[in-house]
Amino acid sequence: MNYQETIQYLYTQLPMFTRDGASAFKKDLTNTIELCKRLDNPQHKFKSVHIAGTNGKGSTSHMLAAVLQTAGYKTGLYTSPHLKDFRERIRVNGQMISEQTVIDFVADHHTDFDEIAPSFFEMTVALAFDVFAKEKVDIAIVEVGLGGRLDSTNIITPLLSVITNIGWDHMNMLGNTLQLIAGEKAGIIKPGIPVIIGENQPETAQVFINKATEQGSDIKFASAEWTIDNSKVESQKSKTELEYLDLTLTHHLQLTTYYLQLDLTGTYQQKNVKTVLSAVDELRMQDFVITDNHIATALRQVKTLTGLHGRWEVLNTQPLTICDTGHNPDGIEEVLKNIDAVNYTQLHFVIGMVNDKDITKVLSMLPKNATYYFCKPDIPRGLDAEMLKQQAAGFGLHGSAYPSVKSALADAQANAGDNDLVFVGGSTFVVAEVV
């Protein structure tokens with residue numbers, strides 16, 4: 001099979017969360033363990049950092065990978081989902097794996113797939129670990145797919161576990177209280193392995209403290225370690241040039257101060273950068289040589305170094321068009337803060353969602369004075385645009401339904417005045433079609 005045929009095989013033969021939703025989520029690690037056993041257990045052949053959380057785990061993973069790359073370490077990066085190309089999920093020093101790597105892996109292990117019947121995600125994790133072992137990476141940053149305890153990535157023994165935060169998402173699989181969701185994410189805390197929690201949230205902090213105590217693991221809360229003294233978005237000379245988020249951060253105990261520029265300009269990155277800096281501190285204690293200059297250089301060019309897209313990303317300046325992958329209540333809350341910080345006359349909101357989540361909380365949060373362009377992301381789980389429009393109307397949100405994301409965006413941009421803002425979001429899969 002060529003690359004396209006190989007990808008098609010993966011998409012159609014294996015249970016896939018994007019397409020099938022909860023039914024593709026395996027409730028144990030049996031398949032992953034068996035698949036990796038047949039690959040000679042690659043997960044034991046490289047060092048790693050394991051990153052979980054409801055929001056921010058993608059940005060945090062990419063930032064930490066950028067820092068390690070800049071410090072001269074050969075760095076693997078495993079993230080999900082991808083936006084454009086399956087190979088975005090598996091990178092070494094920021095470069096996607098080759099098409100041939102994917103082709104050869106599927107060809108070599110076709111029989112194993114037939115016998116084990118793994119999910120798409122289980123197969124992808126096995127491929128990533130196989131690549132990292134063969135490439136002899138110095139360290140791999142491994143992002144959890146969903147939850148933690150039962151996630152396929154949870155067969156690694158990392159140097160450090162990181163949990164960014166806990167919010168409402170995937171309750172049908174992880175539990176319907178924040179404490180239950182936290183319990184699932186806490187499943188990545190391993191005996192004696194230090195853990196960093198990004199945000200100290202009163203509802204869930206004790207869940208992590210209890211789990212860390214039980215496992216004999218040192219625990220730190222990044223939000224309690226760092227204070228942001230100054231924050232502003234700095235536009236470089238003209239609208240067409242890069243914008244940076246300027247930050248000044250101080251560590252409470254060390255009294256270390258960082259002056260940083262982030263090319264990821266969403267205000268929510270202030271939370272993530274604290275987590276990254278605490279993770280770097282821990283890695284330094286484990287003899288990684290990472291200078292302050294490495295950190296500053298890396299965070300200024302995360303998108304270039306790691307290929308990250310879709311985080312408060314400017315797509316166009318006339319009219320100003322911005323997208324963001326935030327899609328659950330906490331993610332949308334951060335998106336709305338960023339929208340409020342923009343000086344615009346009218347908001348044109350291009351929105352699409354998936355059909356297997358309770359979207360009422362998100363709809364209740366959205367501004368009623370925006371013009372909405374309802375659309376369906378081009379995946380089987382996409383929520384019908386007309387159905388979304390009807391549900392939104394119940395929350396005082398009005399606009400038109402469109403047959404595709406691109407047609408909705410085209411109309412929004414055509415209708416937008418010079419001082420208007422066009423925002424595209426509601427689902428990672430909507431953003432995937434516009435970046």
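# Reading a predicted fold

Modeller: Start with strand E13 (residues 320-323) and E17, which run parallel and are joined by four bridges. Strands here are DSSP runs (E) of at least two residues, helices are DSSP runs (H or I) of at least four, and both are numbered from the N terminus. Two strands count as paired if DSSP finds at least two bridges between them. The model is predicted, so to speak of local features pLDDT must be at least 70, while side-chain atom pairs count only at pLDDT 80 or more and totals for chains, interfaces and linings use all residues. Residues are numbered from 1 along each chain as its sequence is written, and side-chain values use heavy atoms, leaving out hydrogens and water.

Colleague: What is the mean pLDDT of the chain?

Modeller: pLDDT is the predictor's confidence in each residue, on a scale from 0 to 100. The chain has a mean of 92, with 94% of its residues at 70 or more. Over residues 236-240 the value is below 50, and beyond near neighbours in sequence this stretch has six contacts in the model. A contact means heavy atoms within 4.5 Å.

Colleague: Which way do the residues of E17 point?

Modeller: In a regular strand the side chains alternate between the two faces of the sheet. In E17, Leu421, Phe423 and Gly425 point one way and Val422 and Val424 the other, and all are buried. Buried means under 20% relative accessible area, exposed over 50%, and partly exposed in between (1.4 Å probe, protein chains only). E17 (residues 421-425) is thus described as mostly covered, with five of its five residues buried.

Colleague: In what order do the strands of that sheet lie?

Modeller: The sheet is open, with six strands in the order E12-E13-E17-E14-E15-E16 and mixed pairing. Strand E12 (313-317) and strand E16 (399-401) are at the edges with a single partner strand each, so one side of each has no neighbour in the sheet. From one strand to the next the twist averages 15°. Angles run from 0 to 180 degrees between N-to-C directions, with axes as lines fitted to C-alpha atoms, for helices over the stretch in contact. E14 also runs parallel to strand E15 (residues 371-374), joined by four bridges, and Phe349 stands opposite Tyr372 in E15. Helix H17 (residues 405-415) packs on the sheet, where it touches E12, E13, E14, E15 and E17, and its direction makes about 175° with that of E14.

Colleague: Where does Ser427 lie, and is Ser427 buried or exposed?

Modeller: Ser427 lies in the loop between E17 and helix H18 (428-431). Its relative accessibility is 3%, so Ser427 counts as buried. Apart from neighbours within four places in sequence, Ser427 contacts His327, Gly352, Met353 and Val354.

Colleague: How many strands form the sheet that includes E1?

Modeller: Eight strands form an open sheet with mixed pairing, in the order E4-E3-E2-E5-E1-E6-E7-E8. Its edges are strand E4 (95-96) and strand E8 (219-221), each with a single partner strand, so one side of each is left without a neighbour in the sheet. Strand E1 (residues 48-52) runs parallel to strand E5 (residues 139-143) through four bridges, and His50 stands opposite Val142 in E5. Helix H6 (residues 120-134) lies across strand E2 (75-78), strand E3 (90-92) and E5, at about 10° to E3. Helix H11 (residues 269-285) lies across E1, E5, strand E6 (160-163), strand E7 (195-197) and E8, at about 165° to E7.

Colleague: What is in contact with Gly145?

Modeller: Gly145 is in the loop between E5 and E6, and is partly exposed at 26% relative accessible area. Leaving aside neighbours within four places in sequence, Gly145 is in contact with Lys57, Ser80, Phe121 and Asp151.

Colleague: How many helices and strands does the chain have?

Modeller: The chain comes to 18 helices and 17 strands. Its radius of gyration is 21 Å, close to the 22 Å of the globule rule for 435 residues, so the chain is as compact as a globular protein of that length. That radius is taken over C-alpha atoms, and the rule is 2.2 Å times the number of residues to the power 0.38. Of the 435 residues, 58% count as buried.
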